[in-house]
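Subject: Structure handover

Hello,

Here is the structure for you to take over. My notes on it come after the files.

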2 protein chains.
Amino acid sequence: MDNQSNVSEPEHQHIDTDHICELVATLLPVAEYIHSPSQSYLQTPEQEQALAELIIALHDLHPADMATLLESLPLAERMLVWKLAIPTEDGEVLLEVSDPVRETLIENMEQQELLAAVDDLDADELAELAPDLPKQVVYAALSSRDEQEQAQIAASMSFEDNQVGALMDFELVSIRADVSCEVVLRYLRRFERLPDHTDKIFVVDDQDVLQGVLPIRSLLVSDPEALVSDVMADDVVTFRPEEDVEEAAAAFERYDLVTAPVVNDDRKLIGRITIDEMVDVIREESESDMLNMAGLREEEDLFAPIIDSVKNRWIWLAVNLCTAFIASRVIGLFEHSIEKIVALATLMPIVAGIGGNSGNQTITMIVRAMTSGQISNNQARRLLHKEQGVSLVNGLIWGSVMGIVSYFLYHSIGIGLVMVAAMTLNLLLAATVGVLIPVLMQKSGRDPALGSSVLITAVTDSGGFFIFLGLATLFLL
Amino acid sequence: MDNQSNVSEPEHQHIDTDHICELVATLLPVAEYIHSPSQSYLQTPEQEQALAELIIALHDLHPADMATLLESLPLAERMLVWKLAIPTEDGEVLLEVSDPVRETLIENMEQQELLAAVDDLDADELAELAPDLPKQVVYAALSSRDEQEQAQIAASMSFEDNQVGALMDFELVSIRADVSCEVVLRYLRRFERLPDHTDKIFVVDDQDVLQGVLPIRSLLVSDPEALVSDVMADDVVTFRPEEDVEEAAAAFERYDLVTAPVVNDDRKLIGRITIDEMVDVIREESESDMLNMAGLREEEDLFAPIIDSVKNRWIWLAVNLCTAFIASRVIGLFEHSIEKIVALATLMPIVAGIGGNSGNQTITMIVRAMTSGQISNNQARRLLHKEQGVSLVNGLIWGSVMGIVSYFLYHSIGIGLVMVAAMTLNLLLAATVGVLIPVLMQKSGRDPALGSSVLITAVTDSGGFFIFLGLATLFLL
C-alpha cells in the first residue's frame, strides 16, 4: 500500500485567486445568464468550459477561504462567485465575511435563499447574522426554532458586539459531580457528535450552578471508578456575559484556554466561549488599533463604492485639515520673519517632520503596551521621563547634524543654532505629547489608538513651526 | 453546602499592578538586603510587612501575569520582583516575556538559578530559550537530557524563528490505525497526563508516517469496538517544519484548529503545533505591522535604557531626516517665489499635510488587506483606480473648502485656485503611492508594513511642496 495516498494534501495552501479571477473575468460579460451552479444559459464552449472550471475551483474552497475570496473581489465579480457558491455553506460564509461585504451579499439574495442559508446555523450564529438580515427572514427563521433556541437567540442579541454574551454559544455538555468517570464516558457515547473544541465538560449541580470543569485530558487518564468530583478542576476561569470580549481574549491568551464557561450573577452556567472566536477578537483588536491610528473609522470593504470610502474617511481628513489650518496660521504669525529670511520657510518642515516621526514612534509603542495591559498610572510618569530622555539624545544628535547642514547651506551660525534648539525642543514636545495623548485617552475611557497619529502630527506640526519661527524671530531678526 | 464556595473567583481579573508597585517602591531602597522570598535582612517592621505582602501578591500570579508585570516595571523594580518570583516557575516566565526583557532577567541570574529554571522545560521550550542563555548553561542543561530530547532540541534550534519547526513541540501521542477505540482508551489511561491542548491523536504506521488523526471528540462518541481506521479523519491539515509561521497561524485561524501535526518530506510525523503558539504569532504579527509602519525596528523594552531605545529608532529617524531634507530642498527651489508671495510658505504645509494623512489611510488599509491575504496582483490595478477615485472626490471637496478659505485670507482668486488644484493633485499622488508602495514591497519579498508610513509621508511632503509651489510659480508670478 502506498502510505502517502492515505493522507490528502495539506488543505491550507493558498487559494489560486489569480486563476479564479481569470475565470471570473471570462464569465463576467455573460454573468446575467448564470443563475446557479446548475442553471446557466451560455453560448460558447469556452464559456461553458470556464464555468465548469470555476465551479470546481469554488467547490473545493473551505467557507473561510470563500469568504477571503469574496472580500478580495470587486462587486460584480463578487456577485458572480456568490451565485456559484455551495448553497448549504452560504450561512458559514456569511458568518466569516466582514460586515460591509456581508451587506453586499445579503442584498443580492432572495428571501428564500437567505432562509435556506441560515437554517443550519446554531442559535448564536443566527443571532450574529440577525441584525444584517431582512426582518421577515429573521422572523421566519425564528419561528422554525424551538422555544429554548428562541430564548438563546434573544439572549445573544441582548448583548453588545463587544460583550462576551454576544460571542458565547450554547453547545454545553454538562454533568453532575457525583457520578463516576465511567458513567461520564458512557453518557458522552450517547452523543452523535460533541460540540466543536470540546476540551472540557462542565460540572453543574441540579440548579445548573457551575461546580467545576472536567478536562477531557483528565477524564481520559483517570480511573473509570473515580468520581467526577475528585477528578474535576474547581479553579475555573469563568466569564460573565457582560464582560468585554477583549479582556476575555487576553485571558484566553494568558491562560492558554480552548473553551471557558460563561456564568451569570448566580454562577449559573449559561453558555461557553471558544478559542476560535477569541482569535478573531485578537485579530480584530490589533487591526482596529492600526486603522484607528491612521484615522479610518472602521473596517472598509476594499472595493466599496467610492462614496462609502469617502464617508469612512472624511472625519479624520476634516480633523487633519483643521489642524493643518492651525499650523498654517501659526506660520502666518511669522510671515514678517519669513519675508526677511526666506530660508526659514525652507527649513521649517524639517523641524516639524522629525517631530511627527518621533512622536509617532512613541505613541505607537505606548498604544501597543496599553493593548497588552502593561501600563498603569504609576508607570506613565516614568515612561514620560524615559521618552523625554530618548528625545533629548535624538534631538541633540540629529539637531546638530541638521544645524551643521543648515550652516553650510546658508552660511549663518545663527540659523544653525536655531535649528539645533528647535529640533531638540520639538522632539521633547513630541515625546511629551506622545505619552500624554494615549494616557489621557485611556483615562477618559476612550480608545488610546483613536486618531492618535493625526493628533500627534497636529501637535508636532504647529509646535514645530512655532518653536522654530519663534526662536528665529527672537534671535535672528 | 454553599454552592458558590466550590468555585473560586475568576482568575483573569486584572493584576493589581499599582498596589504591587507601591510595595516595590517601599522596598526598593533596601533591595540589596533582599535575596529571595525566604532570605532577607530588613530593619523595620514596615519593610518586613511590605515584603510579606509583596511575596503573597507575587505568589498568586500566573507565570503569564508575572511576565506582564515584569514587562511593565523599570529595571531596578523588575529585578527586585524577579528575585521574589517562585523559582520553579522561572522557566515559564522566561518563555513568556519579550526578548529584550528576557535578556535583562537572564543577565541577573546565577548560572545555578538558570539551570534550575530550565530543568523542567520541555525540549522545544529549552530550544526557544537557548539562544539567550549563557553557553555553559545550555551545555549543562543539554547534558542532563536523554538522547532523544537532545535530538529534538537540536532539530528545533535548526529552524529560523519564523518557521514552523521553531515553534513545534514533541509531545506526540500516536497510535496505529488497526486497533479498536477501546484499546486506544486503555492506552491513554496509562498516561499520567496528556499533553496540553490534546484534541486529536495522531495515527501513524510502523514507519511513523502519518495516516490520519483521531479527534478526541470522535473517539469519545464512537463504538468502543470500532477500528481507529474507520473513525479517524484522513483529510488532515498538516504543516512542514520549514513553513512560515504566519501562514500556519492563518491556517489555524481559518480552519479553527487546536493542534496540527508537523510532518517531514516523507510525511513522517516529527512534531505538532498548538493554538496557543499560533495566537502569539497572530498577536505579534499585527503588532509588528503597527511598529513597522511607525518605523520602530522591533519590540522594545518599555523601560529599556535610553541608549537602547535610541538605537532601536535611529534608522527610521535618519530616513525621515533625509526625506525631510529632500522636501526642504524642494522648497529651496522656490525661495524666489516665496520671497514674492510669503503666503505660499504659510499655505504649503496644508497641502503636504492632507496628502500625508490621506496616504496613510490608503496604505494602512492596503497593508491590512495584505495581511489577511486579500490582495492578488490582479486586484492591485483596480484598487489603484478606486483609491484615485476616492482622492479625486476628497481633493475636490476639501481643496475647494481650503481654496475658499485661502481666498478670504489673502484676497487672491489665484491663490484659491492654486490651492484647489494642488490639494487635488497631491491627494491623487498620495493614493497612487499609497497603493504602489505596499504592492511593490510585497512583490520584492519585503514586509509591506515596513516603514510605509515614513515613506508615504516623504512622498506627499516633497510632492505636495513641489506641486503647490510649482503651480504658484507658473500661474501667480
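Below is what was found, from the chain pair down to single residues.

Please keep in mind that this is a predicted model.

Chains A and B

The contact between them takes 118 residues from chain A and 118 residues from chain B. On the side of chain B that touches chain A, the most is given by helix α19 of chain B (residues 343-371), with 15 residues. Sorted by class, that side of chain B has 52 nonpolar, 37 polar and 29 charged residues. Of the interface residues of chain B, 100% are also interface residues in chain A, so the copies meet through the same surface.

Domains

Chain A is divided into three parts: domain 1 covers 14-159, domain 2 covers 174-274 and domain 3 covers 306-476. Taken over C-alpha atoms, the centres of domain 1 and domain 3 of chain A are separated by 48 Å.

Nonpolar cores

In soluble globular proteins, nonpolar side chains tend to be buried together. Here the largest nonpolar core has 170 residues, and B:Leu70, B:Val81 and B:Leu344 are those with the most contacts inside it. Leaving aside neighbours within four places in sequence, B:Val81 is in contact with B:Val24, B:Leu58, B:Leu69, B:Leu70 and B:Leu73. There is also a second, separate core of 82 residues, which includes A:Val164 as well as B:Leu167, B:Ile273 and B:Val279.

A sheet in chain A

Three strands of chain A form an open sheet with mixed pairing, in the order β3-β4-β5. β3 (174-175) and β5 (210-215) of chain A are the edge strands, each pairing on one side only. β3(A) and β4(A) (residues 200-204) run parallel and are joined by two bridges; A:Ser174 has A:Phe202 in β4(A) as its bridge partner. β4(A) and β5(A) run antiparallel, with five bridges between them, and A:Lys200 stands opposite A:Pro215 in β5(A). These two strands, β4(A) and β5(A), form a hairpin with five residues between them, and A:Asp208 in the turn has a positive phi of about 65 degrees. β5(A) is mostly covered, with five of its six residues buried.

Single residues

Two further residues other than glycine have a positive phi: A:His411, near 50 degrees, and B:Arg267, near 65 degrees. Both are in loops. A:His411 is found between α20 (377-410) and α21 (413-443) of chain A, and B:Arg267 lies between β6 (259-263) and β7 (269-274) of chain B. Is each of them buried or exposed? A:His411 has 9 other C-beta atoms within 10 Å and is therefore exposed. B:Arg267 has 21 C-beta neighbours inside 10 Å, so B:Arg267 counts as buried.

B:Asp119 is found in helix α7 of chain B (residues 111-119). B:Asp119 and B:Gly91 are 28 residues apart in sequence, and their C-alpha atoms are 8.1 Å apart in space.

Regards

Notes
Residues are numbered from 1 along each chain as its sequence is written. Chains are lettered from A and ligands numbered from 1 in the order in which they are written. This is a predicted model: local features need pLDDT of at least 70, side-chain atom pairs count only at pLDDT 80 or more; totals for chains, interfaces and linings use all residues. Two strands pair if DSSP finds at least two bridges between them. Helices (H or I, at least four residues) and strands (E, at least two) are DSSP runs, numbered from the N terminus. Two residues are in contact if their C-beta atoms, placed from the backbone, lie within 7 Å. Ala, Val, Leu, Ile, Met, Phe, Trp, Tyr, Cys and Pro count as nonpolar, Asp, Glu, Lys and Arg as charged, and the others, Gly among them, as polar. Domain bounds come from an automatic or database domain assignment. A nonpolar core is a set of buried Ala, Val, Leu, Ile, Met, Phe, Trp, Tyr and Cys residues joined through C-beta atoms within 7 Å. A residue is buried if 20 or more other C-beta atoms lie within 10 Å of its own, exposed if 12 or fewer, and partly exposed in between; C-beta atoms are placed from the backbone.
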